[in-house]
Amino acid sequence: MSQPAHIEAFFDPTTWTISYVVYDQVGGSAAILDPVLDYDPKSGRTGHDNAQKVLDFVHAHSLTVTWILETHAHADHLSAAAWLKQQVGGKVAIGAKIGTVQQVFKTLFNLEADFATDGSQFDHLFEDDETFAIGTLSARAIAVPGHTPADLAYQVGDAVFIGDTLFMPDVGSARCDFPGGNAATLYQSVRKLLNLPAQTRLFLCHDYPPENRKPQWQTTVAAQRAANIHLHDGVDEATFVAMRTQRDKTLGMPMLILPAIQVNIRAGVLPPADTNGIRYLRIPMDAL
Ligand SMILES: [Fe+2]
């Protein structure tokens with residue numbers, strides 16, 4: 001039986017993102033997952049209210065941050081990984097296939113020639129099934145491509161942080177229409193997660209609750225297999241792919257996709273300053 005992980009969740013109501021601190025014990029070691037950098041698209045200002053809450057928790061529990069883990073290059077929020085690393089240290093990590101994502105968006109944004117597409121902006125790139133430690137907790141990266149080619153889930157002790165794969169059972173699954181996304185691939189990734197033991201605790205990256213309930217972020221393999229509206233047991237791959245493809249055609253782009261991707265493929269570092277000292281984001285017109 002794996003050791004239970006201590007988990008604290010931080011919900012951002014602006015982007016519907018859940019960040020986490022997972023740790024072995026008070027005074028012990030921690031990983032921060034998917035931290036959010038505040039960003040106001042109207043003014044172009046960043047802020048640290050979300051990340052500060054994570055930081056306050058880390059300090060209040062005397063935790064040493066050894067990892068800052070990204071499940072993928074998010075399109076809905078900017079990552080606070082770089083800012084948090086400055087405050088508390090830790091290695092910023094993402095999936096080994098991030099280079100594929102970086103190459104696509106280097107081309108789209110026509111980024112500076114020396115922008116590397118080998119993931120070297122990150123401190124560590126996880127391969128599928130790679131094991132690591134968070135203090136006394138054993139952890140494992142699980143490749144779960146589909147939403148993007150580089151998505152990872154992280155198994156820590158008895159919990160799995162599943163990123164953008166499944167949402168709560170009444171919400172369903174992640175979209176698969178971003179560059180490099182693939183619904184059939186997501187189906188296979190989800191089956192891999194749902195083959196974990198039935199009582200495995202699953203922690204989500206987002207919740208988009210229907211009007212009649214509050215945001216939630218914790219579920220189990222058993223609950224998803226029984227009731228996920230897109231991927232409960234018995235839904236075959238072809239049925240899922242047809243549903244997902246049809247549904248994705250109806251979805252607009254996330255509000256922050258253009259700013260978010262430009263920061264997140266740099267491991268949360270803002271783009272380099274222009275000659276006047278100001279940093280700029282680029283908006284590709286009629287290209288996405
Ligand atoms: Fe995402």
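## Around H206

The side chains of H206 and D76 meet in a polar contact of 3.1 Å. The term stands for a pair of N or O atoms within 3.5 Å; within protein, one must be able to donate a hydrogen and the other to accept it, and residues adjacent in sequence count only if both atoms are side-chain atoms. A polar contact of 3.5 Å also links the side chain of H206 to that of T17. Before going on, please note that this is a predicted model, in which local features need pLDDT of at least 70 and side-chain atom pairs count only at pLDDT 80 or more, while totals for chains, interfaces and linings use all residues. Residues are numbered from 1 along each chain as its sequence is written, and side-chain values use heavy atoms, with hydrogens and water left out.

Where does H206 sit? You will find H206 in the loop between β14 (201–203) and β15 (218–220). Strands (E, at least two residues) and helices (H or I, at least four) are DSSP runs, numbered from the N terminus. H206 has a relative accessible area of 0%, so it is buried; buried means under 20% relative accessible area, exposed over 50% and partly exposed in between, with a 1.4 Å probe and protein chains only. Leaving aside residues up to four places away in sequence, H206 touches T15, W16, T17, I18, D76, H77, D164 and F167, where contact means heavy atoms within 4.5 Å.

## The iron site

One of the residues that H206 touches, D164, is also a protein donor of the iron ion, through OD, alongside H72 (NE2) and H147 (NE2), at 2.0 to 2.4 Å. Donors are N, O and S atoms within 2.8 Å of the metal (3.2 Å for Na, K and Ca); water is not among the atoms, so sites may look incomplete. H147 belongs to the loop between β11 (137–143) and β12 (152–156), and D164 to the loop between β13 (159–161) and α4 (183–194), so this pair ties together parts 17 residues apart in sequence. Both are buried: H147 has 4% relative accessibility and D164 has 3%.

## Strand β4 and its partners

Strand β4 (residues 36–40) is mostly covered, with 4 of its 5 residues buried. On pairing, two strands pair if DSSP finds at least two bridges between them. β4 runs antiparallel to β7 (residues 78–79), joined by 2 bridges, and L37 has L78 as its bridge partner in β7.

With β5 (residues 45–47), β4 pairs in the antiparallel sense over 3 bridges. These two strands form a hairpin with 4 residues between them, and G44 in the turn has a positive phi of about 75 degrees.

## Helix α1

Which residues of α1 are buried? They are N50, A51, V54, L55, F57 and V58. These cover an arc of only 160 degrees around the axis, which puts them on the same side of α1; the arc is that of the directions from the helix axis to the C-beta atoms.

On the other side of α1, D49 and A60 are exposed. The buried residues pack against several elements, among them β4 and α2 (81–88).
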